[in-house]
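I am opening a notebook page on this structure. The entries below follow the order in which I looked things up.

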Amino acid sequence: MSGRLRLALVGAGRMGRTHLHALRDHPGVVLTDVVEPVTATHADLAHHGLRVHATLEDLFASRRVDAVLVATPTGTHGDVVRAAVDAGLPVLCEKPAGLTSSDVTHLGRYAHERGVPVQVAYWRRFVPGLVELRDRVEAGDLGEVHLVSCAQWDGAPPAAAFRATSGGIFVDMGVHELDQARWLTGAEIAVVSASAAAGVSDPDVHGDVDSAHATLRLSTGALAAVSLGRYNPGGDVVEASVRGTRGVVHVPVVTPGDGDVPFHRALRAQAQAFADLVGTGTGAGARVSDAAAALAAAEAASAHAGLPSGEPARV
């Protein structure tokens with residue numbers, strides 16, 4: 001590959017539009033094409049200088065791109081990634097890359113057997129403050145790690161229709177924090193216990209909860225706490241901290257006054273890491289196996305969130 005990576009976006013919904021905005025004028029990646037079945041949006045997308053395709057087959061027939069960015073609904077991730085892999089196109093897939101850890105594991109094996117690189121979009125790995133924290137943990141600056149705390153509270157929940165098909169709060173939101181706990185410490189998640197709020201504010205929402213909490217024991221013996229919520233009046237909040245025998249570091253990843261700036265910066269860095277992966281075979285992004293591990297922990301948390309005994313589940 002020479003020059004900028006020519007990238008096709010599959011799915012121009014909320015997350016797809018966010019990528020379109022964040023990757024504008026990117027030095028290493030250029031979005032040239034978009035696949036979107038909703039024809040009412042085609043004129044607007046074309047106005048932004050994109051070649052618009054109604055189907056994946058139309059995109060692949062054009063043979064004009066180097067790779068694919070998947071931002072379709074979660075339940076379609078596996079099918080879209082497999083289609084791109086069959087076409088020989090590397091993939092950057094939005095998290096969680098599937099609804100079950102088994103599906104994602106099989107997806108990773110499928111791509112590996114065909115020699116096509118796939119990166120999963122866990123953007124927290126590209127937040128400078130979190131990268132610095134991870135480096136300090138790895139260097140031993142904080143001593144023996146006792147507790148990792150990760151929280152994500154959204155200013156307002158997504159639509160009820162989205163929540164009904166997203167896999168629930170641990171799969172939809174919590175996989176970010178679960179991946180983050182593994183990535184920050186270099187440890188695996190060994191034991192999971194969880195609980196969830198009893199009520200749901202929106203009567204149209206079924207199969208999801210408004211808030212939940214999980215406690216993890218890591219393979220090193222350290223603990224991790226994950227706090228998730230759909231309602232944070234004032235704006236989105238994402239934060240992480242690590243407590244060790246030699247120090248404590250807190251990272252405010254997103255605060256209500258930040259807007260989308262930290263998010264967009266991380267998406268740009270993530271896209272560059274993907275371009276590096278396509279160009280050199282190595283990159284800093286999350287692998288499919290990382291996505292499967294996060295989903296396995298999310299499944300364990302989901303399974304145990306409603307159990308009054310609070311019995312921990314082994315992942």
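**Entry 1, charges over a ring.** I began with Y110. The charged end of R82 sits over the Y110 ring, 5.5 Å from the ring centre. I then found R114 over the face of Y110, with 3.5 Å to the ring centre. I note that the model is predicted, and that these distances are computed from it.

I looked up pLDDT next. The chain has a mean of 92, and 96% of its residues reach 70 or more. I marked residues 307–315, where pLDDT stays under 50. For that stretch the model has 20 contacts beyond four places in sequence.

How many aromatic pairs does the structure hold? I count 1. The ring centres of W123 and F263 are 4.9 Å apart and their planes stand at 50°. An angle over 60 degrees would count as edge-to-face and one under 30 degrees as stacked, so this pair is tilted. I located both partners: W123 is in the loop between β6 (118–121) and α6 (128–139), and F263 is in helix α9 (residues 261–280). The pair therefore ties together parts that are 140 residues apart in sequence. Are W123 and F263 buried or exposed? Both are buried.

I took down a volume of about 1200 Å³ for the largest pocket. Its lining consists of 45 residues. Which of them lie nearest the centre of the pocket? I list R14, M15, K95, F162 and D172. The elements giving two or more residues to this lining are α1 (14–22), α4 (77–86), α7 (160–165) and α8 (169–185).

I stayed with helix α8, where A181 lies. Leaving out neighbours within four places in sequence, I find A181 in contact with C150, L216 and A224. I also checked A181 against L218: the two are 37 residues apart in sequence, and their C-alpha atoms are 8.6 Å apart in space.

Why does S241 count as buried? Its relative accessibility is 11%, and the cut-off for buried is under 20%. Not counting residues up to four places away in sequence, S241 touches L147, V148, S149, V249 and H250.

Conventions. Residues are numbered from 1 along each chain as its sequence is written. This is a predicted model: local features need pLDDT of at least 70, side-chain atom pairs count only at pLDDT 80 or more; totals for chains, interfaces and linings use all residues. Side-chain values use heavy atoms; hydrogens and water are left out. Rings of Phe, Tyr and Trp (its six-membered ring) pair if their centres lie within 6.5 Å; planes under 30 degrees apart count as stacked, over 60 as edge-to-face and the rest as tilted. Helices (H or I, at least four residues) and strands (E, at least two) are DSSP runs, numbered from the N terminus. Buried means under 20% relative accessible area, exposed over 50%, partly exposed in between (1.4 Å probe, protein chains only). A charge sits over a ring if NZ of Lys or CZ of Arg is within 6 Å of the ring centre and within 35 degrees of the ring normal. pLDDT is the predictor's confidence in each residue, from 0 to 100. Contact means heavy atoms within 4.5 Å. On a 1 Å grid over the protein atoms alone, a cavity is a set of points where a 1.4 Å probe fits but cannot get out, and a pocket is an open set with protein on both sides within 12 Å along at least five of seven lines; lining residues have an atom within 4 Å of a point. Grid points are joined across faces, edges and corners, and a volume is the space filled by probe spheres set on the points.
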